[in-house]
Amino acid sequence: MTITTIIPALITLIVGYFLIKFPVSVSVPTDRGMHQDIISSSGGIALLAGFIVGIFLNTSIDIVYVSIIIIGILGFLDDKYSLSKYLRLVIQIGISAFIVNEMIGDDIIVYLLFLIFLSAYTINVYNFMDGIDQLAISQYIFYLIGFSMIRETDLAFFLIFIAFFLINYPKTKLFLGNCGSYLLGLLVIIPILHNGRLGFENLIPYIILMTTFYVDTTYTLIVRFIRKFHTKDSTTIESIKHIMEPHRSHLYQKLALKMNSHSKVVIIIMAYNFIWCLPIFYMAYNYRSYSLIFLFLSIAPYVYYCYQNKAGIES
């Protein structure tokens, strides 16, 4: 471990504590939120600062890194000025299309469109799932651990996220905000796209690592859409708008309300990740011809867990 390995994490710590002391944006409690206190937000700036320093110290900048910086800036502007959700979506799709073009290049148009959708969807999945203390950052650390089992992971990069975790342990003082959740969502999708160049079956092991986030979000959105669509005189457009409105019906939100604890929910989800998803991910990576079977094994129990706890149905 060298000084250039440690400096990015130290930058994240310093900027993080500065944001706690002098907030550039704050999260105000609402009846749809999961917190009762006003807390400094846009913690993604601390991650972004460490990330940028890490790039300059440990690698060379390229166009993909520029896209990561842009998505972080978009998230900050959203935190600060509450951008239109349609404007956000257009920019997210534009960034996703650009990265897919850079990383995949020429391929079957349907496959490219799928990857663009998956990229934009993943950014929003991370935003939807960033609602309780430590869940989003813990999931990304787990993702890096899984990735490190098959590929060498930059220690400096890993330490940045450990630093942010420590800032908020044991009590949250700084939210990731949209800045952080957009950033993490894009960082999740980049290895998926990198392996997507080799074919669809190479995407699946990395999707398995994100089982809890993808399943919770997708199940909840589908249930909310169907329930709204089946109400009297509701249209498809109204049902789509409904699923984009704030709510507290994700599985993780329901569990947090039921247990009156954020930390217990994070432990449950991380236990599922490490005990169930991680071994399945490793097998799916080594036996990619059976990857769809492994994907089913990964998601099926969590789909049932969502059903059992009535995810998507507001109390």
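A residue is called buried under 20% relative accessible area, exposed over 50%, and partly exposed in between, using a 1.4 Å probe and protein chains only. The model is predicted, and local features need pLDDT of at least 70, side-chain atom pairs count only at pLDDT 80 or more, and totals for chains, interfaces and linings use all residues. Residues are numbered from 1 along each chain as its sequence is written, and side-chain values use heavy atoms, with hydrogens and water left out.

The account begins with the interior. A nonpolar core is a set of buried Ala, Val, Leu, Ile, Met, Phe, Trp, Tyr and Cys residues joined through side-chain atoms within 4.5 Å. The largest such core has 89 residues, and those with the most contacts inside it are Leu135, Tyr140, Phe161, Leu184, Leu187, Ile192 and Tyr214. Helix H13, residues 262-286, supplies the largest share of this core, 11 residues; helices (H or I, at least four residues) and strands (E, at least two) are DSSP runs numbered from the N terminus. In soluble globular proteins, nonpolar side chains tend to be buried together. Contact here means heavy atoms within 4.5 Å. By that criterion, and not counting residues up to four places away in sequence, Leu184 touches Leu47, Tyr126, Ala136, Ile137, Tyr140, Phe161 and Leu176.

The helix pairs come next. Axes are lines fitted to C-alpha atoms, for helices over the stretch in contact, and angles run from 0 to 180 degrees between N-to-C directions. Angles under 35 degrees count as roughly parallel, over 145 as roughly antiparallel, 65 to 115 as roughly perpendicular and the rest as oblique. A crossing is left-handed if the near helix is turned anticlockwise from the far one by less than a right angle, and right-handed if clockwise.

H5 (residues 109-129) and H8 (residues 177-196) pack at an angle of about 150°, with their axes 7 Å apart. H5 is therefore roughly antiparallel to H8, and the crossing of H5 and H8 is right-handed. The residues in this contact include Leu118, Thr122 and Tyr126 of H5 and Leu184, Gly185 and Ile192 of H8. Thr122 has a relative accessible area of 0% and is therefore buried. Leaving aside neighbours within four places in sequence, Thr122 is in contact with Gly185, Val188, Ile189 and Tyr214.

H13 and H14 (residues 291-308) pack at an angle of about 160°, with their axes 8 Å apart. That angle makes H13 roughly antiparallel to H14, and the crossing of H13 and H14 is right-handed. Among the contacting residues are Tyr272, Trp276 and Cys277 of H13 and Phe294, Pro301 and Tyr305 of H14.

H2 (residues 44-58) and H3 (residues 63-81) also pack at an angle of about 160°, with their axes 10 Å apart. H2 is accordingly roughly antiparallel to H3, but the crossing of H2 and H3 is left-handed. In this pair, Ile45, Leu48, Phe51, Ile52 and Ile55 of H2 meet Tyr65, Ile68, Ile69, Gly72, Ile73 and Phe76 of H3.

A disulfide is a pair of cysteine sulfur atoms within 2.5 Å, and the structure holds 0 disulfides. For Cys277, the nearest cysteine sulfur is that of Cys306, 12 Å away. Cys277 counts as buried because its relative accessibility is 0%.

Ser41 lies in the loop between strand S2 (39-40) and H2, and at 6% relative accessibility Ser41 counts as buried. Ile313 is placed in the segment after H14 and is partly exposed, with a relative accessible area of 26%. Beyond four places in sequence, Ile313 touches Val223, Arg227, Ser249 and Lys254.

Tyr169 and Pro170 are joined by a cis peptide bond, with omega about 0°; Pro170 lies in the loop between H7 (155-167) and H8. Gln134, in the loop between H5 and H6 (135-148), has a positive phi near 75°, and Gln134 is buried at a relative accessible area of 14%. Asn260 has a positive phi of about 55° and is found in the loop between H12 (251-259) and H13. With a relative accessible area of 70%, Asn260 is exposed.
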